Amino acid sequence: MFPIRDHNPSARIPYVTYLLIAINVAVFAWQYGALQDVRASNQFLYDYAFWPILFANGEGFTGFFTHMFLHGGFMHLAGNMLFLWIFGDNMEDEMGHIPFAIFYVLSGFAAAYIQYLPDTLSQIPMVGASGAIAGVMGGYLLLFPKAKVDIFVFFIIFFRIFPIPSFIVLGVWMALQVFNGLGSDLNGGGTAYWAHVGGFIAGFLMTIPLWLRRGAAAYWDRTDGHPPHPETRYPTSNVPVIRRRK
């Protein structure tokens with residue numbers, strides 16, 4: 001089960017969102033196309049990933065920023081860019097291009113720092129835009145808690161597309177990050193769950209001033225938690241149900 005689109009159109013072209021997607025894809029293509037040598041790839045990670053142990057020793061500050069544009073594989077990149085494409089345009093629409101770019105980077109900083117705190121001497125590098133995008137999701141939750149998000153569900157013998165309120169989609173996603181973070185081994189590598197949690201909370205908090213300017217709870221009352229403009233209407237899903245033959 002994963003989201004594929006929302007019903008929340010943006011009023012302006014999300015140039016920053018498109019630029020961020022383009023940069024991430026270009027860096028990934030360059031990294032995996034040009035750095036086939038293992039030594040070169042390791043040096044690339046050393047130079048541009050976020051290394052907690054280096055940061056603790058007063059080094060590796062560039063990685064605090066550049067890690068947001070690196071990915072560990074195609075599915076890692078594709079998943080992150082899908083989430084950015086779904087939620088980024090609306091946050092950019094509400095904030096403006098430059099403020100959104102700053103918001104995105106600060107969310108990434110917060111995500112890296114929260115991941116860093118539990119084990120400041122970790123020698124496991126951190127890469128990925130997930131933390132920054134989690135900040136976008138946190139802000140989206142605050143502004144559009146009832147915006148419809150279509151999720152694709154595949155369950156053994158059938159698959160369907162269902163519209164679900166964003167507070168359920170994002171709330172469940174956040175709960176899973178906390179649950180998995182509590183059960184994860186910080187020294188074992190894998191997904192940086194606490195970076196997701198940190199980025200989400202940071203994005204939510206940084207969006208509060210905008211939400212207050214919109215009227216806070218009164219803003220929700222006026223729109224009933226939905227976007228303050230007509231939602232996109234997609235045709236009923238034509239994805240067929242595949243049934244098991246008897």
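A: The answer below turns to two residues and then to the protein as a whole.

This is a predicted model, in which local features need pLDDT of at least 70, side-chain atom pairs count only at pLDDT 80 or more, and totals for chains, interfaces and linings use all residues. Residues are numbered from 1 along each chain as its sequence is written, and side-chain values use heavy atoms, with hydrogens and water left out.

A216 lies in the loop between α9 (193-213) and α10 (217-223); helices (H or I, at least four residues) and strands (E, at least two) are DSSP runs, numbered from the N terminus. Most residues other than glycine have a negative phi. A216, although not a glycine, has a positive phi of about 55°. A216 is buried, with a relative accessible area of 16%; buried means under 20%, exposed over 50%, and partly exposed in between, with a 1.4 Å probe and protein chains only.

D224 is found in the segment after α10. D224 also is not a glycine and has a positive phi of about 55°. With a relative accessible area of 44%, D224 is partly exposed.

Buried residues make up 44% of the 246 residues. Of the contacts (heavy atoms within 4.5 Å) with a separation of 6 or more, 78% join residues 24 or more positions apart. The C-alpha trace spans about 60 × 50 × 35 Å along its principal axes.
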